[in-house]
Amino acid sequence: MKMMTDRRISRYFWGVLVWMVALSGWAADSALSADSVVQTESNPASVITATVSSGVQPRPVKIVYFYPTDCKPFENHRERIDRTMRFVQDFYLRGMRESGFGDCTFALERDADSQLVIHYVPGEKPRSGYGRDSAWNVRNEVKKYLAEHENLDIENEVIVLFQTLLAWNDAHTEATELGPYVGWGTATKGTAWVYDDPLLDATLLSSKEPGGYYHGACSIGEFNSHYVGGIAHELGHGFSLPHDCERNEERERGNSLMGSGNHTMGTDLRGEGRGSFLSKASATRLATIRAFDPNFSEEFSMTTPKMEISHLNVRVAEDRSAKILVSGVMHGTPQIKQMVLYHDNESIPSDYDAITWVSPVNNQGEFAFAVDDFWKASQPAGENVWAVGRWQMRLVGCHDGGATSQVKFDYSTAEQGPDLTPFSTP
Ligand SMILES: [Zn+2]
């Protein structure tokens, strides 16, 4: 009887299905994020070092300071940026710890005296020469200048590119975002385009004093929630992370950094919210990239990644709850030790709402997920009642060497249950 029921509303099959997926990590999730279109994205920690058991630090993130011809670096920028980047480093450290990856975070480039290294790049044009869509123009200027003056190739680096492209009016009551505020990256290189500003300082996240601005007057603390959170979020893209969203059960932890967590960073320090956190999905991906993995393999990173999935089994849970079980056998080259499942409501344009699960891949290549959270649906699921909607399920393998491979399935749910037919169609 149970078999009949399962067969009626689910499709599953064994052994005959093999997907060959070869999405290069250089392409996957590396498109320039259109955050600036969707929405503007935008306690000093002790010195954080990327501590690992071997004592080896991964390749450090580099700080670049870009100022147009009619600007000069803002006051106290070195101290403010150092404090702010330590805060971001510590945020990632806590996130990696919470997801079981131990004391692991990115390193920052420092000199022999432990001073933060800042690479200064004068722009070729005045402020008016740069717009919201000038990301690649700015990056090309930076690339050219650093290659000529410092023999530094940013195509082999993750950089945080601070730009003096947030413009205040004379009364200092309104700030206009002039330049790009986005992020892009792969396993071995990336760029976060962010702003420097005299108010930018992670130590001011707790401030309720007026004087900030973000689409309206706000406190100095809220200003920093958006712009310090923005640095952490865009750097996430610089580390090749896509968007994701907290699951219902995670909401007490705050907002996922790669969802809307860029706008809630530090709200907990002002008693105005729950703050932001790094999702396990993001942490799992970060653990394989060069900026986080002290044992990162350059050889693996140059290998064309492949993922094969066989024995894919997608079915409704036997207890008839509104839950979809996904399991299978996977083989990856280079090896895949963890898989991430993104479940994205297709009626919400953009991927900010994609909720995530992580599954380890055992020595036999087996993985398993239980997708049971449809809270972003217009009609939320109740007990034995399915949320109605159109969904995209993305299975992502995280290769050693930092690349990812992905398969996508579009499917729908009705009140009676899901139509799982698409899962039988490679
Ligand atoms: Zn984003």
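Modeller: Let us begin with the nonpolar core, which is a set of buried Ala, Val, Leu, Ile, Met, Phe, Trp, Tyr and Cys residues joined through C-beta atoms within 7 Å. A residue is buried if 20 or more other C-beta atoms lie within 10 Å of its own, exposed if 12 or fewer, and partly exposed in between, with C-beta atoms placed from the backbone. The model is predicted, so local features need pLDDT of at least 70 and side-chain atom pairs count only at pLDDT 80 or more, while totals for chains, interfaces and linings use all residues. Residues are numbered from 1 along each chain as its sequence is written.

Colleague: Which residues touch the most other members of the largest nonpolar core?

Modeller: They are Val160, Leu161 and Phe162, in a core of 67 residues. The elements that give two or more residues to this core are β3, α3 (77–98), α4, β5, β9, α5 and α6 (280–286). Of these, α3 gives the most, with eight residues. Such names refer to DSSP runs numbered from the N terminus: helices (H or I, at least four residues) and strands (E, at least two). A second, separate core has 28 residues, among them Val314, Ile336, Met339 and Leu395.

Colleague: What does Leu161 touch?

Modeller: Two residues are in contact if their C-beta atoms, placed from the backbone, lie within 7 Å. Not counting residues up to four places away in sequence, Leu161 touches Val64, Phe66, Val138, Val142, Thr191, Ala192, Trp193 and Val194.

Colleague: How should I read a sheet, and what is the order of the strands in the open sheet with mixed pairing?

Modeller: Two strands pair if DSSP finds at least two bridges between them. The open sheet with mixed pairing has five strands in the order β4-β3-β5-β9-β8. Its edge strands, β4 (118–122) and β8, each pair on one side only. Direction ignored, neighbouring strands of this sheet are turned by 20° against each other on average. For such angles, axes are lines fitted to C-alpha atoms, for helices over the stretch in contact, and angles run from 0 to 180 degrees between N-to-C directions.

Within the sheet, strand β3 (residues 62–67) pairs with β5 in the parallel sense over five bridges, and Lys62 has Ile159 of β5 as its bridge partner. Strand β5 (residues 158–163) is also parallel to β9, with six bridges joining them; Phe162 is partnered there by Val194. By contrast, β8 (residues 183–185) runs antiparallel to β9, with three bridges, and Trp184 stands opposite Thr191. A hairpin of four residues joins β8 to β9.

Colleague: Why is strand β9 described as largely enclosed?

Modeller: In general, the side chains of a regular strand alternate between the two faces of the sheet. In β9, Gly190, Ala192 and Val194 point one way, Thr191, Trp193 and Tyr195 point the other way, and all are buried. Because six of the six residues of β9 (residues 190–195) are buried, the strand is largely enclosed by the rest of the structure.

Colleague: Which helices lie across this sheet, and at what angles?

Modeller: Helix α4 (residues 135–150) lies across β3, β4, β5 and β9, at about 110° to β4. Helix α5 (residues 220–238) lies across β5, β8 and β9, at about 165° to β9. Since 18 of the 19 residues of α5 are buried, this helix too is largely enclosed by the rest of the structure.

Colleague: What should I look for in the backbone angles?

Modeller: Most residues other than glycine have a negative phi, and most peptide bonds are trans. Ser114, in the loop between α3 and β4, has a positive phi of about 65°, and Ser114 is exposed, with 9 other C-beta atoms within 10 Å.

Colleague: Where is there a cis peptide bond?

Modeller: A cis peptide bond joins Thr333 and Pro334, with omega about -10°. Pro334 is in the loop between β15 and β16.
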